[in-house]
Amino acid sequence: MECVKCGSTKVMKNMAIKEFGHSNIPHHLSVKVKKTDRILFNSYAKGKILANICGNCGHMELSVLNPKELWEAYSQKKQ
């Protein structure tokens with residue numbers, strides 16, 4: 001894999017992005033799409049965010065592990 005910005009092959013693939021929340025406990029960053037439209041107890045499709053990071057220029061590209069599941073939840077909710 002090459003960096004799209006500088007062409008370097010020093011790309012760190014699928015790096016987890018974490019936030020350190022309450023009590024400094026790490027949590028993976030993710031996206032969530034609401035599947036239901038209730039006031040309480042909604043259901044969500046969640047997708048863990050991963051990054052490809054260039055070790056030369058620092059360019060970063062983000063991706064999600066389960067785009068099809070997220071798209072299905074998103075498109076059904078829009079109807």
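Buried means under 20% relative accessible area, exposed means over 50%, and partly exposed lies in between (1.4 Å probe, protein chains only). This is a predicted model, where local features need pLDDT of at least 70, side-chain atom pairs count only at pLDDT 80 or more, and totals for chains, interfaces and linings use all residues. Numbering starts from 1 along each chain as its sequence is written, and side-chain values use heavy atoms, with hydrogens and water left out.

**Stop one: Ser43.** Select Ser43. Look for the loop between strand 4 (30-34) and strand 5 (44-54); strands (E, at least two residues) and helices (H or I, at least four) are DSSP runs, numbered from the N terminus. Ser43 is partly exposed, because its relative accessible area is 28%. Now show its contacts (heavy atoms within 4.5 Å). Beyond neighbours within four places in sequence, Ser43 touches Val33, Lys34, Lys35 and Thr36.

**Stop two: Lys32 and Tyr44.** Select both. The charged end of Lys32 sits over the Tyr44 ring, 4.2 Å from its centre. The test asks for NZ of Lys or CZ of Arg within 6 Å of the ring centre and within 35 degrees of the ring normal.

**Stop three: the aromatic pair.** The whole structure holds one such pair. Select Trp71 and Tyr74: their ring centres are 5.5 Å apart and their planes lie at 35 degrees, so the pair is tilted. Rings of Phe, Tyr and Trp (its six-membered ring) pair if their centres lie within 6.5 Å; planes under 30 degrees apart are stacked, over 60 edge-to-face, the rest tilted. Trp71 and Tyr74 are about one helical turn apart because they are three residues apart in helix 1 (residues 67-78). Trp71 is exposed at 55% relative accessibility; Tyr74 is partly exposed at 38%.
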